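I shall present one structure and go through its parts in turn.

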Amino acid sequence: MMALKRLLIVWIAAMAMLPLHAQGVKKVQFCGRSLNDSTGEITLFLKLLDGNGNAVTRLDENSIKDCLKVFEEGQGIDRKKARIKKLISGKRIPDDYTFSILVDLNIPAEGKKRIYTELKRLVDSAPDSCVFISFYGNYVSNSEVITSRNYAEFEKKFMQEDGAKNFYSALYSKMAEFSSSTLELESEARVVDGYKKNSMISKRAADNKGKNILIVFTESSGKILSDDIGYFEFTKYQTAAEEVPKVFAFYYTGTGEIDPEVEAVLQDITEHKELTEDRRGKYLPSSDIGEIINTLGETIGKQMYDYTFTYRALKERYDGDTQFSAKWNDEDAGEPTRITIGTEERPWIPNPDPKPSPMSIVVKVLVALLTTLLTIAFFILFMKALIPWIKSRTFAAKYYKKYVPEANVQRRVCHYCKQDLQPGQLIVTKCKHYMHIHCWKINNYKCAEYGQNCNEGIQEHVEWNTLFTKQTLRDSKQTIAGILAGLVSWIVYSFTGDGRFMDALARPIVNTFYKVNGQFTNLADVCVDKVSSFMAIGLLLGFFLSLVFRYNDEYRNKDWKVLLKILGLSLLSGVIGMVAFAVGGCILCAILPLIHPTNIPWYCSLPAYLLFSVCVALSLTIKSSVPIKSAMLGGLCSAIIGFIVLYFADLAKGYGMLLNFIIYGGGLGASLITVRALAEKYFLVIQNGVKAGQRIPIHKWMNATGGGNKVTIGMTGDCEIQMNWEKSNKVAKEHAQLYIDPARTIPVIKPLANGVIYNTRAELPVGKPSVLTNGDTFKIGDTIFKYEETD
Ligand SMILES: [Zn+2]
Ligand SMILES: [Zn+2]
């Protein structure tokens with residue numbers, strides 16, 4: 001009994017230490033944030049809610065400080081260093097909100113007085129020039145700014161009496177005020193002499209979509225004057241106006257019967273089922289003026305936050321969603337909320353270097369160069385070593401086998417050493433020309449008949465000793481070019497303020513497509529950041545990638561005409577990239593309100609990147625030799641990898657954008673060349689003699705991307721094409737060589753001995769390469785070869 005009593009005393013004492021009402025908070029709602037660029041401070045807007053979801057507003061700063069603990073990404077924010085502000089008289093409404101209050105002068109004086117008193121709260125809570133007021137009776141008055149300073153002047157206007165009632169004119173003209181264009185029936189409205197639309201309202205509305213509120217007061221006694229604006233005009237208005245405010249209609253019915261037509265209009269403009277969430281207000285009829293005042297108070301209260309929590313940024317840079325959570329008296333208070341601070345493309349730096357020293361710029365560029373070099377090395381190792389190695393291993397696993405004598409075959413010989421295959425010997429079974437593995441390796445990992453009677457017996461393998469040669473670099477030219485184009489794009493991007501030069505173009509897009517849903521948070525600015533970064537990325541990457549790829553792809557002499565064409569086509573690619581990203585930005589703005597009110601999840605950005613990469617890759621195929629399929633595939637794959645690095649690789653902080661750029665460039669370059677080499681096939685077709693009509697697929701040996709790139713024609717067995725059918729003695733041991741000129745990626749023939757006749761007329765000079773084009777012929781000895789290209 002004593003123990004219980006003692007426990008009770010302890011419990012009471014413990015509870016007494018807490019402010020009584022502080023115990024009621026069950027949820028901390030994060031409503032948004034503002035950032036202070038000069039102090040590096042983040043201010044979070046908070047509402048404290050009790051178990052029923054009602055706002056707890058009576059706590060003072062100190063009692064909150066004792067109970068509240070805020071976490072940024074799970075890291076507790078030191079409450080001693082944070083500032084909590086209770087917003088009683090302060091500005092608790094975000095300054096991008098616009099309120100227009102329309103008052104019916106026919107409301108009984110007592111009611112008007114209470115409305116006037118209640119509006120003080122709104123006026124005091126809102127920053128200046130957020131609240132406008134107008135009246136109607138016989139005529140509709142101008143909308144005027146009402147602030148806490150000029151509030152008193154409006155009492156007289158409130159108390160005016162007026163027998164008439166221009167309800168439709170008033171409602172229509174006040175709704176129309178949110179739109180900067182002139183609506184059809186505006187001129188019909190019965191307004192005071194010298195009436196002018198307040199342009200501040202439409203301007204604010206255009207800048208802050210979805211944050212515009214019209215509060216209408218009317219009552220049911222006054223006879224509504226008939227005018228040309230009737231019930232049906234309001235439905236038309238919804239589609240004609242640029243910006244439609246959210247309407248809260250307070251209908252005081254204590255003075256007479258409800259007018260069904262007024263009720264229908266008010267219901268339609270506030271709660272019509274076709275109104276989107278951000279435009280839906282509320283129709284609030286009541287015969288009790290006290291109830292109207294309470295609802296008005298609640299309506300205003302819901303647009304406000306009650307507390308701010310200001311602290312010094314914990315990180316050096318913020319690049320996207322940041323998770324906030326809170327504990328109240330050490331108990332979780334609501335679900336964590338993600339709020340976007342900065343973007344992956346344009347991070348927010350809380351304490352930026354006002355004047356970056358030349359040294360820090362040099363360091364930044366050096367790190368970027370090093371990153372680029374490492375990426376190049378990685379790409380080359382990947383393409384030249386890892387992939388061929390895997391292919392080679394797969395080949396070995398599949399085709400290296402122990403020889404098992406077949407039932408109906410007497411003996412089999414190795415096609416290389418011509419010796420019998422013994423049971424149990426390791427052989428290669430890729431083609432029907434079985435060979436010992438060691439013979440296969442001696443013959444450079446290919447079938448002895450390959451190129452003549454065999455076209456499948458070849459194994460890709462890694463020549464480690466030739467990997468670190470100039471040839472490898474030359475083979476990877478397109479990849480390296482793509483990576484360097486990414487580097488150049490990044491340099492331009494980051495030294496123009498992460499693409500801020502596109503802000504002016506991005507803002508109209510966001511204004512058009514971003515329809516806000518949330519009550520407090522405004523992601524419009526983050527969207528502008530996003531979309532303008534997008535468009536800058538599209539323009540820069542599209543342009544520079546096209547420039548290098550087209551320059552490499554062009555094998556003709558580059559005179560000014562050719563260069564001009566390359567430049568023009570590259571500008572086109574840049575514009576295509578920019579437009580693709582702009583469309584992706586529209587998608588982001590359009591889907592964002594459907595998903596989340598406080599942050600931009602990663603997948604909202606993905607469509608933009610995919611669209612961009614497909615469009616830019618396709619633009620590279622315009623008037624070039626790049627095949628569409630390879631461009632598409634390469635573009636998509638590298639865009640996804642780049643995206644993953646940018647959005648998920650925490651290690652890349654600060655250089656995530658660079659990696660995104662160069663991976664995309666390198667990947668695109670790599671895919672263009674790989675598939676290109678596969679797509680282009682070269683043959684020699686023998687035109688005369690015993691072998692007439694035979695097609696030799698010489699592209700097996702000629703490959704600009706590596707492996708072999710040489711076809712030798714001559715008498716000896718070392719030649720890829722051994723002319724053992726030639727009876728004349730005019731053919732040398734090695735007579736001619738075909739290969740793909742790595743600098744120009746076109747096939748050429750180089751005679752090694754005299755007597756190579758080109759197109760039946762000219763003899764080609766020894767040791768000097770000549771370009772082969774489709775259909776060319778050349779004669780060696782008595783044999784005429786025709787060169788053919790197919791796709
Ligand atoms: Zn052998
Ligand atoms: Zn074979």
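This is a predicted model: local features need pLDDT of at least 70, side-chain atom pairs count only at pLDDT 80 or more; totals for chains, interfaces and linings use all residues.

In helix 18, the residues Ala 608, Tyr 609, Phe 612, Ser 613, Val 614, Val 616, Ala 617, Ser 619 and Leu 620 are buried. Buried means under 20% relative accessible area, exposed means over 50%, and partly exposed lies in between, with a 1.4 Å probe and protein chains only. Helices here are DSSP runs of H or I with at least four residues, strands are runs of E with at least two, and both are numbered from the N terminus.

Residues are numbered from 1 along each chain as its sequence is written, chains are lettered from A and ligands numbered from 1 in the order in which they are written, and side-chain values use heavy atoms, with hydrogens and water left out.

Helix 18 covers residues 606-620, which is 15 residues, and spans 21 Å from its first C-alpha to its last, close to the 21 Å expected at 1.5 Å a residue. The expected span is 1.5 Å times one less than the number of residues.

Two residues of this helix, Tyr 609 and Phe 612, also belong to a cluster linked by ring pairs, together with Phe 534, Phe 581, Trp 602, Tyr 603, Phe 643, Tyr 647, Phe 648 and Tyr 664. Rings of Phe, Tyr and Trp (its six-membered ring) pair if their centres lie within 6.5 Å; planes under 30 degrees apart count as stacked, over 60 as edge-to-face and the rest as tilted. By this rule there are 30 aromatic pairs.

Let me take two examples. Phe 395 and Tyr 400 have ring centres 6.4 Å apart and planes at 80°, so this pair is edge-to-face. Phe 395 and Trp 440 have centres 5.8 Å apart and planes at 15°, so this pair is stacked. Because Phe 395 lies in helix 10 (residues 358-399) and Trp 440 in helix 11 (residues 437-442), the pair ties together parts that are 45 residues apart in sequence. Phe 395 is buried at 9% relative accessibility, and Trp 440 is buried at 1%.

I turn now to the metal site. Which protein residues are the donors of the zinc ion (ligand 1)? They are Cys 414 (SG), Cys 417 (SG), His 436 (ND1) and Cys 439 (SG), at 2.1 to 2.3 Å from the ion. Donors are N, O and S atoms within 2.8 Å of the metal (3.2 Å for Na, K and Ca); water is not among the atoms, so sites may look incomplete. Along the chain, the donors follow the spacing C-x2-C-x18-H-x2-C. The four donor atoms subtend angles of 96 to 120°, and the arrangement is therefore tetrahedral; four donors count as such if all angles lie between 85 and 135 degrees. Cys 414 is buried, at 0% relative accessible area, whereas Cys 417 is partly exposed, at 26%.

Finally, the strands. Strand 1 (residues 25-36) and strand 2 (residues 41-50) run antiparallel and are joined by 10 bridges; two strands pair if DSSP finds at least two bridges between them. Lys 27 has Leu 49 in strand 2 as its bridge partner. In this hairpin, with four residues between the strands, Gly 40 takes a positive phi near 70°.

Conventions: Four donors count as tetrahedral if all angles lie between 85 and 135 degrees; four count as square planar and six as octahedral if opposite donors are over 155 degrees apart and all others between 65 and 115; anything else is irregular.
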